[in-house]
Amino acid sequence: YMDLKNGSVVTEFILLGFSGQWELRIFFFVAFSLIYSATVLGNVLIMVTVTFSSTLHSPMYFLLGNLSFLDMCLSTVTTPKMIRDLLSEHKIISIWGCMTQMFFMHFFGGAEMTLLIAMAFDRYVAICKPLHYRTIMSHRLLSGFMILSWIIGFIHTMSQIVLTVNLPFCGPNVIDNIFCDLPLVIKLACMETYNLELFVIADSGLLSLICFILLFVSYTVILITVQQRSSGSLSKALSTLSAHMTVVTLFFGPCIFIYAWPFNSFSGNKVLAVFYTVFTPLLNPIIYTLRNQKMQEAMRKLQFQNVIS
């Protein structure tokens, strides 16, 4: 540990966020507020529809409802603070606020990665083993998937936060991003953090990369299986899988780019950060709902029931 000069221990960080002209910040404020509202509304709508619609009580929609919940949480960890900071001159976050933000980001992020793999497995069983679908995708397996995703999220975040929380911060305290991001925070510590940086790259980068490869392989297997059967189900499978692949690519792309990149060339890329925390949670409801007729019918039915009652 370096000598902490005059006991000048950092208690808060300054987030640079989107600095720039006032008009531009007002524009971002309005845009992100609308996007965040739409994200919360869209994901809540999916959760309510899946819960209360009798036609959607299948494993796929159960997993979809959980994905919406995680997306909403992930967005809420960073976006409201970012929106508020757009209008304030002093974008300050306490050191504990920063740790909390990073803890929940990696917690929900890790859980969502695992859930996306569960969703790919669900599609594999539905398309490749349709006759055994109900027996394989039992309530027990679904509960197992859910518990596993929360456990993996928790282990993933704890393994990094435990090492970060005790770092001494005494020098520069400016984070060039819209939220506290692990690689950027670690670089501010007053000690040699090369090994820790490598560990974070290995932890977050490899988790993202392994999940992405697993998903890619599973979707390829599904498409090959469907193609061999060469029935009319190919176009239907393609439409479902293209939606899933879009979400997966948009979710993992920025993650892999941010964490699997060498630290020295890493500059807090705000565009990627916005994409990851603001746009992706909104895209899930759009991709899964607007393209899914069964979901649309269930929403209309629920609306109709409410009007009658």
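Biologist: Why are D85 and K81 separated by about one helical turn?
Modeller: Because D85 and K81 are four residues apart in helix α2, about one helical turn separates them. Helices (H or I, at least four residues) and strands (E, at least two) are DSSP runs, numbered from the N terminus.

Biologist: What sort of model is this, and how are its residues numbered?
Modeller: It is a predicted model, in which local features need pLDDT of at least 70 and side-chain atom pairs count only at pLDDT 80 or more, while totals for chains, interfaces and linings use all residues. Residues are numbered from 1 along each chain as its sequence is written, and side-chain values use heavy atoms, with hydrogens and water left out.

Biologist: What does D85 form with K81?
Modeller: D85 and K81 form a salt bridge, with the closest N and O atoms 3.0 Å apart. The term requires a side-chain nitrogen of Lys or Arg within 4 Å of a carboxyl oxygen of Asp or Glu.

Biologist: Is D85 buried or exposed?
Modeller: D85 is buried, because its relative accessible area is 6%. K81 counts as buried too, at 13% relative accessibility. Buried means under 20% relative accessible area, exposed over 50%, and partly exposed in between (1.4 Å probe, protein chains only).

Biologist: How many salt bridges does the structure hold?
Modeller: There are three salt bridges. One of them joins E89 and R25, at 3.2 Å from N to O. That pair links distant parts of the chain, 64 residues apart: E89 lies in the loop between α2 and β2 (92–94), and R25 in helix α1 (residues 22–52). E89 counts as exposed at 59% relative accessibility, whereas R25 counts as buried at 7%. R123 and D122 also meet in a salt bridge, at 2.9 Å, and both residues are buried.

Biologist: Turning to pockets, which residues lie nearest the centre of the largest pocket?
Modeller: M60, Y61, R123, K236 and T240 do, out of 22 lining residues. The largest pocket holds about 670 Å³ of space. On a 1 Å grid over the protein atoms alone, a pocket is an open set of points with protein on both sides within 12 Å along at least five of seven lines, a cavity is a set where a 1.4 Å probe fits but cannot get out, and lining residues have an atom within 4 Å of a point. Grid points are joined across faces, edges and corners, and a volume is the space filled by probe spheres set on the points.

Biologist: Which element gives the largest share of that lining?
Modeller: Helix α8 does, with seven residues. The lining of the largest pocket divides into ten nonpolar, seven polar and five charged residues. Here Ala, Val, Leu, Ile, Met, Phe, Trp, Tyr, Cys and Pro count as nonpolar, Asp, Glu, Lys and Arg as charged, and the others, Gly among them, as polar.

Biologist: And how many cavities of 30 Å³ or more are there?
Modeller: The count is two. The second largest cavity contains about 40 Å³ of space. Its lining consists of L15, G17, F18, M82, D85, L86, K91 and I178. Helix α2 (residues 59–87) supplies the largest share of this lining, three residues.

Biologist: What about the second largest pocket: what is its volume?
Modeller: The second largest pocket has a volume of about 210 Å³. Among the residues lining this pocket are V50, H57, F62, R134 and H139. Its largest lining share, three residues, comes from α5.
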